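Hello,

Here is the structure I promised to pass on. Please open it alongside this email; my notes follow below.

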Amino acid sequence: MSKTFAAAEVSKHKTKDDGLWLIIEGAVYDVTNFVDEHPGGARVIQRMGGKDATKAFWKYHGESVLQKYGDRFKIGTVAESAKL
C-alpha cells in the first residue's frame with residue numbers, strides 16, 4: 001500500500017538533512033541517497049527539493065529514466081488538494 005502525503009509535508013523535505021523529496025507526476029520520491037550520484041549534479045536536484053519537479057524532470061529525462069529508477073525511490077503519492 002502506497003502512503004499518501006500532503007503537499008505541505010513534501011515541502012518540508014527540501015534538504016539532505018530533512019530528507020530530499022520530489023514530486024513527479026503526483027508521486028513522491030525520496031532522492032536523499034541519490035542526490036550525490038545524480039549525473040547532472042547534486043545542485044539540480046537540491047533546487048527542486050520539496051517541490052513538484054514534474055516539468056523540470058520531463059525537460060531532461062525520458063520515460064525510461066522513471067521506469068528504471070522510479071520504484072527504487074518512490075515512497076508514495078501526493079494527496080489531491082481542493083481547487084478553490
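The model is predicted. Its 5 strands make an open sheet with mixed pairing, in the order β1-β5-β4-β3-β2. β1 (3-5) and β2 (14-15) are the edge strands, and each pairs on one side only. Inside the sheet, look at β3 and β4 (residues 27-30). They run antiparallel and are joined by 4 bridges. Across that pair, L22 stands opposite Y29 in β4.

**The cores**

The largest nonpolar core has 13 residues. I24, Y29, V31 and I45 touch the most other members. β3, β4 and α4 each supply at least two residues of this core. β3 gives the most, with 3 residues. A second, separate core has 6 residues, among them F5, V10, V28 and V78.

I24 deserves a click. Setting aside neighbours within four places in sequence, I24 is in contact with Y29, A53, T54, F57 and L66.

The largest pocket has a volume of about 480 Å³. It is lined by 21 residues, and L22, H38, I45, F57 and H61 are the closest to its centre. Two or more lining residues come from each of β3 (19-24), α2 (42-48), α3 (54-60) and α4 (63-73). The largest share, 5 residues, is from α4. What is the lining made of, by class? It has 17 nonpolar, 3 polar and 1 charged residues.

Two residues link these sections. I45 is among the core residues that touch the most other members, and I45 is also among the closest to the pocket centre. F57 is in contact with I24, and F57 too is among the closest to that centre.

Best wishes

Key:
Residues numbered from 1 in each chain as written. Predicted model: local features only at pLDDT ≥ 70, side-chain atom pairs only at ≥ 80, totals over all residues. Heavy atoms only, no water. 1 Å grid on protein atoms, 1.4 Å probe; cavity = no way out; pocket = protein on both sides within 12 Å on 5 of 7 lines; lining within 4 Å. Points joined across faces, edges and corners; volume = space filled by probe spheres on them. Nonpolar A, V, L, I, M, F, W, Y, C, P; charged D, E, K, R; others polar. Pairing = 2+ DSSP bridges. Core = buried A, V, L, I, M, F, W, Y, C linked by side-chain atoms within 4.5 Å. Buried < 20%, exposed > 50% of the residue type's maximum accessible area, 1.4 Å probe, protein only. Contact = heavy atoms within 4.5 Å.
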